[in-house]
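Trainee: Could you show me how to read a metal site and a chain interface?
Mentor: Gladly, let us look together.
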Amino acid sequence: MAKTLMAEPPKSKPRLPNDAIAWITAAPPLARFIFRGSPEAEAAAGSAYGLAFPKALNRAASIGERGKPGARVALRIGPDELLLIVPIAEGKAVQTALETATAAHPHSLVDISDRHTGFALEGPHAADLINAGCPLDLDERAFPVGMVTRTLLHKAEIVLWRMGPTLFRVEVWRSFAPYVEALLEEAAHDFL
Amino acid sequence: MLLIHCPYCDSNRPETEFRNAGAAHILRPSDPATTSDAEWAEFLYLRENPKGTIAERWRHVHGCGRFFNAIRDTVSDDFAVTYRAGEPRPGTTP
Amino acid sequence: MSMLRTPSGGRIDRTRALRFTFDGRLMQGHQGDTLASALIANGVHLMGRSFKYHRPRGPISAGAEEPNALVTVTRSGRSTPNLRATQIELYEGLAALSQNRWPALDFDIGAINGLISPFLGAGFYYKTFMGPKALGSNWAWTKIYEPVIRAAAGLGRAPEGPDLDRYANRFAHCDVLVIGGGDAGLTAALEASADGKASVILCDEQAEFGGWLLNSDGAWLGETLATLASRPNVRMLRRTQAFGYFAQNFVALQERLTDHLADLPEGTPRERLWQVRAGEVILATGAIERPLAFPDNDRPGIMLAGAAETYATRYGVRPGTRAAIFTACDSAYGAALALKAAGVEIAAIVDIRLKPDPALAAQALEAGIAVHSGTVITGTTGGKRVSHITIGKLQPDASVRGADQLACDFVAMSGGWVPSVHLFSQSRGKLRWDETLNAYVPNITAPGQKQRSVGACAGAFSAEMRGAFNGATPVPGDPAKVKAFVDFQNDVTARDIRLATREGMHSVEHVKRFTTTGMATDQGKTSNMNALGIVSEALGKSLPEVGLTTFRQPYTPVTFGLFAGQARGDLFDPVRKTPIHNWAVAQGAAFEDVGQWKRAHYFPQKGEDIHAATNRECRLVRGTVGIFDASTLGKIELVGPDAAEFLERVYVNNWKNLGVGRCRYGILLNEAGFVIDDGVIARLAPDRFHITTTTGGAARVFAMFEDYLQTEWPDLKVWQTSITEQYAVIAVQGPKARAVLAPLVEGINLASEAFPHMAIREGRICGVETRLFRVSFSGELGFEVNVPASQGRAVWEAIHAEAIKQGGGAYGTEAMHVLRAEKGFIIVGQETDGTMTPDDVGLGWAIGKAKTDFIGKRGLMRPDLMAAGRKQLVGLQTLDPKVVPEEGAQITAEANPAPGTAALGHVTSSYWSETCGRSIALAVIANGRARVGEVLHIPMPGGAIAVTVVAPVFYDPKGERLNG
Ligand SMILES: [Zn+2]
């Protein structure tokens, strides 16, 4: 996928050409689920998922590369709430596998593939760009690689996951995505 | 902008991530039908409004999503302590 | 080069001349000048007129505390008023305008205010406008004062156009924030960053770090700045004013990025707001010199001694050729020597102290400067610039005698130094009166504010800062007859303050408000101590007993743009659009805002207004088929073995008996018993429900459910997930609805027997997985197609194509509202207002009567909620069918009720019904259902509208059309 500062159309928008700030890469279509349930259900689901769910709140677990076969992401965004992300083609199979594995344990597995859009924000100023609208301390001591949390970017709720020192992934409800991307684009002017 | 300690996230987070949810330790009567009108009115509407220490509920709505309790000073806005829902008010015996 | 420039030295670049204009007059300065220093170099001290009396004024300072020299700077379509000339960095082409003068700075008609000044004294806002009683209470105000004051008073003009600039915001965290880059601040930053680990932010409001060090040529400053710049853990912010200090060490900084540049860089923000959370804050904000309040101390050319020294040494400009020094502080002796060294003739040092330091006096004499101890300035003369002073000797009985006149073209004064404790006070720290310094110093740090003050702001004064005087200096004769200014910006004199205390203002807070001292844009940075001194003397109380007014944010005025930041225009608030939005745009739909959502209001065809379009859209639905974007509806997926139990507890209805594949209209109350939301709930599986909520209630209902699940019933095994944005929802309504869907749907039998009203089926539409509801909010045969949002537009277009084939089309929210009103379906928030029970709005039938509890059940049993005479939902028909009453209009029994008559109720919904060929309205009216058939009235300005009360169903009362 082409690296542009801001993802996705409309193409008529002026681009900020400076890759030294940060660039956005739109996520490919992905299957997403919210899993909520008891610890037993989580354990059973984790084995079927092929990736143990992170135990600690606000921590991520992942294997594989985004969108590629076999990629699995599990983000613990609430004490009993996990955001699971897999390649779109594997969504149905994963859903069936999880339901089968957890049949004996009360739980909730809900398909929210289209509730979100996602993008990666990467570059030397990625954290600064987010801090234009997000009051969290994004120093690596306070927000290390592997941390994920729901938070606010200006007036929009986002899920913010740090995948690397200068690499973040953002998940946002789809109707808020244009607002979030426009804000980041606007904030990028501060780094020209 | 205040920082509020979420007892679930176990970290200080900006106040904009939170919503106040009213007074804490107000129990919904287990059998409302047996309460008198006066008792029900008390449950619905009558709240302490102290100058000083207050126990109230907050929700980390734009974070982990959990409701929790806090002891806050209504004059200084200082949060003395926050604790999980269901836990007794600190300094009281359950 | 100007005659007033020193031959060498200072921080200006003498090789770089810059042209600028002041009130259109072309002048020249140098790179490194401020507007004030450049104007002074051009012999200009008159930079503004005072607020109230329009007295000519020049700068008294060389920094942020400046009360007088406020100007407007214009550039490329921009205009920024009320900037301090002492802080404006000069650039090539700078254009500045003086303020508060008409027609010109040199000849200002408003100066006549000075002649009527007896009327504008302390408390004039409260007293003068009363006027002679005989002429009526308002006469003086409307006829004289308001027109005069409005025309003459004020600061600069607010710009009229939108702000052309961009403003950035940055949240930042650091271990140590050092505020102030002078000697003390730089030292603190060096120490704090020495370990290479602690993150340090150092900020200073000036263009260069160094503070007072910039007045001399020390090597330490350069070395220190180089060391700090080499440390990666240090962030150095110049031109950055810390203007607000809030709880938990949260500090707001205003960084000026482009105002000093001759050419504005394209796209770059003008300013950046830093919202800093610091582990520790080190305040190194220095001290501010206080003026002396002597008669006519406000003429241009009279300035603070430290400022005069700064102009001479840092900016290489002599404030004049011959200075008089008036002081209560040792530091003015140093200033005198520095001015002398810069080539200024010193007329004399006038020291109010009886016994100035003998060594200093000797030093001055050695330099050929006369020192008059125990002496005060008793008056000044000069038009637009001071030309002479008179001095008098203090007598043992505290009187003043003698009237020697000295010629001078500027006066350097010093009442001593005041620690700059503004930010410390903003942080809620407690001050302590220091008798030695004759000033307040930081004492107790507020809880949670890990901070310390260092250097002069902590009261750690160097030896030469010794000596201070508060209050008005003694004068010969009646002190009420002289104008000794205390607050220059608000034109408050010593006499005004004494008058206030005589009139009963004994609290410093009252004096402040009565006289407005300290209430100007400079917040009294140079006036507070003298004002307190005068109050203290007038009341015979010690100064700490008088108390201190509160310092508030912002320390210096801040642009609105900085606060708005990125939240402007389209980015002010999120604008939420449905997956079908862009299709509606392409069709020319008109939109309405529903919360943050944009919803298609109607789809006008050629020449149609809202009424014509809505009428046509209603005919489509009633006649053939209409399709409607209902994607904004709140949606929750509720899953778990206790899902039905949970619904049973929160909604009024029965849920355990709802079969899989069936839907029910649910009503949600609060504990008080009032309707707060409604929506259709479908059972997808024994343990899985698809809940819909109102558009506006989605987040609220989700939070309420989460609350009960987390805190009241944590034992229930059920979890909810928001699916509002997972699905696009397309309502297909009308007799041809089935015909529209039939060619598109796979795996679902649409026949009425197989798929009855209030049922749900899962299958495919256009190859996409769908949850297909058979529901109706129009009263017609209806379906609601739920498909994943990413497929919403494609499925919509396919359905629309089929609808067109059937003679139908799209409809918007306006038609939706009319159609549901024709059926008497309520909208929560329109027919309800938070005080309506299910029975009030005709929905009592929905309540599960056998249920022992649900949220609101006990509330409904309260006497007031069961009492007779409650307002009930009814229909209204106007006697004249063409009249459409206004929503919200009050309803009365009489056409012309006596004033004070309580209304029986009000109109909640009102439309032209194309279907009925007349107007229809819904209303809530006391005892309404018993009033069916009665004629009531809606009193309006143009006459009352007579209405008949009817049942709230205007169309198909038996509901037969639902079957299609
Ligand atoms: Zn939390």
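Mentor: Start with the general idea: donors are N, O and S atoms within 2.8 Å of the metal (3.2 Å for Na, K and Ca), and water is not among the atoms, so sites may look incomplete. Four donors count as tetrahedral if all angles lie between 85 and 135 degrees. This is a predicted model, where local features need pLDDT of at least 70, side-chain atom pairs count only at pLDDT 80 or more, and totals for chains, interfaces and linings use all residues. Residues are numbered from 1 along each chain as its sequence is written, chains are lettered from A and ligands numbered from 1 in the order in which they are written, and side-chain values use heavy atoms, leaving out hydrogens and water.

Trainee: Which residues coordinate the zinc ion?
Mentor: B:Cys6 (SG), B:Cys9 (SG), B:His60 (ND1) and B:Cys64 (SG) do, at 2.0 to 2.4 Å. The angles among the four donor atoms are 105 to 117°, making the site tetrahedral. Along the sequence, the donor residues follow the spacing C-x2-C-x50-H-x3-C.

Trainee: How many residues of chain C are in contact with chain A?
Mentor: Contact means heavy atoms within 4.5 Å. Here 44 residues of chain C touch 41 residues of chain A.

Trainee: How many salt bridges are there between chain C and chain A?
Mentor: A salt bridge is a side-chain nitrogen of Lys or Arg within 4 Å of a carboxyl oxygen of Asp or Glu. The count between these two chains is eight. One of them pairs C:Glu769 with A:Lys92, whose closest N and O atoms are 3.6 Å apart.

Methods: Tetrahedral: all angles 85-135°; square planar, octahedral: opposite > 155°, others 65-115°.
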